[in-house]
Amino acid sequence: MRRALSRARRSAAANAPLLGALLTAGAAWPGAADAQVFGPLLDSEIPLTTQTGRNQSVQDRPKPELAPVGVPLGSFRLYPDVTAGIGITTNVVGAEVDARSDSFATLTPQVAIRSDWGRHALAGVFNYSGARYRWTSAKNQDGFLGQVDGRLDIVGESEVAGSASYRRTYEDQQEANFPVNGGGAVAVDQARGMLRAALVTNRLRWTSSGDFNSFRYKDTISTTGTTLDLSFRDRDVYRGTVRAEYQTSPDNSLFAQVTYRRTDYVTTNINDDRTSDEWRASLGAIADVTSLLRVAGAVGYFRRSYASPVFDTVGGLAVDVRADYYVSPITTLSGVVSRQLEEAVVRGSPGYIASRVGLRVDHELLRNLVPYLSADYFTGDFKDFDRKDHGFSAGGGFEYVANRHWVVDLDANYRSRLSSGTQRGPEINEFRAITSIKFRI
C-alpha cells in the first residue's frame with residue numbers, strides 16, 4: 001500500500017503544473033464556461049493530492065473503455081484532440097451599469113505526448129486556445145501553452161522531477177486583480193521553470209523545490225476605449241521550498257514546510273515597484289479523517305516585506321486545504337479553502353488578501369454521463385487601500401463521453417462581485433454559458 005501511495009504522489013508531483021488549477025486552493029475548478037484560459041498564475045510550490053489508490057473520486061476513476069487510445073510513436077504515445085464551443089455572456093466587459101450581452105466561439109486544438117516507460121517519465125502538452133466574440137473584438141483571446149514535464153527515478157521512491165513551460169493566459173474580469181476600468185481582455189505571458197527532488201528514507205520523505213516564473217502583461221483598452229499600459233505589473237518570481245513529511249501510516253502523513261519567495265518588479269516607478277521578499281512556514285497533513293473523508297492541506301504564517309518605503313510589511317495567516325468526501329462510489333463532494341496574499345493591480349496598495357471557499361459535487365449518473373454542481377465565495381481585502389471585494393459564483397453542467405473519440409460538455413454559471421470602500425471597484429453580475437464538443441484520438 002505504501003508503494004501505491006508513493007506512486008500516486010509521484011504522479012501528482014510529475015504532473016503538478018497540469019493539475020495545479022485543480023489541486024491548489026487558489027482555484028475553484030475553472031470549467032468549460034471559461035472560454036478564457038483562466039487559472040492561478042502561480043500554483044502551489046509542491047501541490048497536494050488526496051489520491052491514495054483506495055477511494056477514488058468520480059473524476060479520477062479510470063474508465064479504460066472510454067479513454068482515448070492515442071497514437072504510438074516509438075516509446076511514446078501521442079494524444080491529439082480538438083475542442084470547439086459556442087457560448088454567451090450577459091456582461092461581456094464587466095460593466096457595473098448598462099451591461100451588454102455577447103456571444104462567442106472557442107477553438108482549442110491540442111497535442112499531448114507521454115512516455116510509455118517502466119521507469120522514469122517524460123510528457124508534454126501543446127495547445128492553442130482561441131476565443132472570438134461576435135460584437136466585442138477587444139475581448140478576443142489567443143491563449144496557448146507549451147509545456148514539458150519529466151521525472152527521473154533514482155533509487156527506490158526517491159526521484160527528481162522538472163518542468164518547463166511558456167503560456168499566454170488571461171485574467172478573469174470577476175477577480176479583484178482585474179483593472180478597475182478594463183474593457184478588453186488582459187493577456188499575460190508566463191515563462192516557467194521548475195526543479196523538484198524527493199528523498200525517501202523509511203517513513204521520512206524530504207522534498208525540495210525551486211521554480212522561476214516570469215510575467216509580462218500586454219496592453220489592453222479601457223471601458224472608454226483608451227489604451228491601458230499594464231507593463232507596471234511585469235515581474236519575475238523566484239521560489240524555494242523545503243518540505244519534511246513523515247508517514248504515520250501507508251496512507252497518512254504529517255509535514256512541515258518552509259518557503260522563501262523573491263518578487264522582482266521590472267518597473268522603476270517607486271509607486272509601482274512592489275519588489276519584495278516573503279517567508280512562509282506551515283504545518284500540514286494528508287490524512288483520512290474518516291474512511292470516506294480525506295484531507296490534504298496546510299496552515300501557516302507568511303510575512304512579506306517590500307524594498308520600496310512606499311509599502312508597509314504585510315503578514316498573516318496562510319491556508320491551503322483541499323478535501324474530498326466520497327459520498328458513494330458514484331458521488332464525490334470536493335471542497336477547497338485558501339487564504340493568501342496576491343499582487344495588487346491598483347496603485348497605492350502592496351497587495352490584497354484573497355480568501356476563498358469552494359464546493360463541488362460530481363455524480364456519475366451514467367458511466368459516461370457525469371453532471372456536476374459548484375459554488376464559490378471569495379473576498380479580496382486590499383492593504384493600505386480602502387477597498388474590499390466580495391464575490392460569489394454558482395453553476396453546473398455535465399460531461400457526456402459518447403465514446404473514445406467524442407465528448408460533449410455543457411457548463412453554465414452565474415457570478416456576482418460586490419465592492420465596498422471609498423475606492424471601491426465595479427460591482428459586476430454576469431451569467432456565462434458554453435457548450436462544446438471534443439474530438440480525440
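**A buried arginine, a nonpolar core and a pocket**

The model looked at here is a predicted one. R261 sits in strand β12, which runs through residues 252-265. Its side chain makes a polar contact of 3.1 Å with the side chain of E343. E343 also turns up among the residues that R261 touches, leaving aside those up to four places away in sequence; the others are L42, V237, Y238, R239, S276, D277, E278 and R304. Of these, E278 is 17 residues from R261 along the chain, and the C-alpha atoms of the two are separated by 5.0 Å.

Next comes the nonpolar core. The largest one is made up of 17 residues, and V186, F215, Y217, L230, V346, Y352 and F382 are those with the most contacts inside it. Two strands, β8 (204-217) and β17 (352-363), each bring at least two residues to this core. As for F215, its contacts beyond four places in sequence take in L41, L42, V188, D189 and Q190, plus the run D234, R235, D236 and V237. Two of these partners, L42 and V237, are touched by R261 as well.

What lines the second largest pocket? The residues are P179, V180 and N181, then L228, D229, L230 and F232, and finally V345, V346 and R347. L230 and V346 have already come up, as residues with the most contacts inside the largest nonpolar core.

S334 belongs to strand β16, covering residues 331-342. Is S334 buried or exposed? Its relative accessible area is 7%, below the 20% limit, so S334 is buried. The side chain of S334 is joined to that of D324 by a polar contact of 2.6 Å.

L78, in strand β2 (residues 76-89), is another case. Its relative accessible area of 24% lies between the 20% and 50% limits, which means that L78 is partly exposed. Beyond four places in sequence, L78 touches G70 and V71, along with V111, A112 and I113. L78 and V111 are 33 residues apart in sequence, yet from C-alpha to C-alpha they are 7.1 Å apart in space.

Notes
Residues are numbered from 1 along each chain as its sequence is written. This is a predicted model: local features need pLDDT of at least 70, side-chain atom pairs count only at pLDDT 80 or more; totals for chains, interfaces and linings use all residues. Side-chain values use heavy atoms; hydrogens and water are left out. A nonpolar core is a set of buried Ala, Val, Leu, Ile, Met, Phe, Trp, Tyr and Cys residues joined through side-chain atoms within 4.5 Å. Buried means under 20% relative accessible area, exposed over 50%, partly exposed in between (1.4 Å probe, protein chains only). Helices (H or I, at least four residues) and strands (E, at least two) are DSSP runs, numbered from the N terminus. Contact means heavy atoms within 4.5 Å. On a 1 Å grid over the protein atoms alone, a cavity is a set of points where a 1.4 Å probe fits but cannot get out, and a pocket is an open set with protein on both sides within 12 Å along at least five of seven lines; lining residues have an atom within 4 Å of a point. A polar contact is a pair of N or O atoms within 3.5 Å; within protein, one must be able to donate a hydrogen and the other to accept it, and residues adjacent in sequence count only if both atoms are side-chain atoms.
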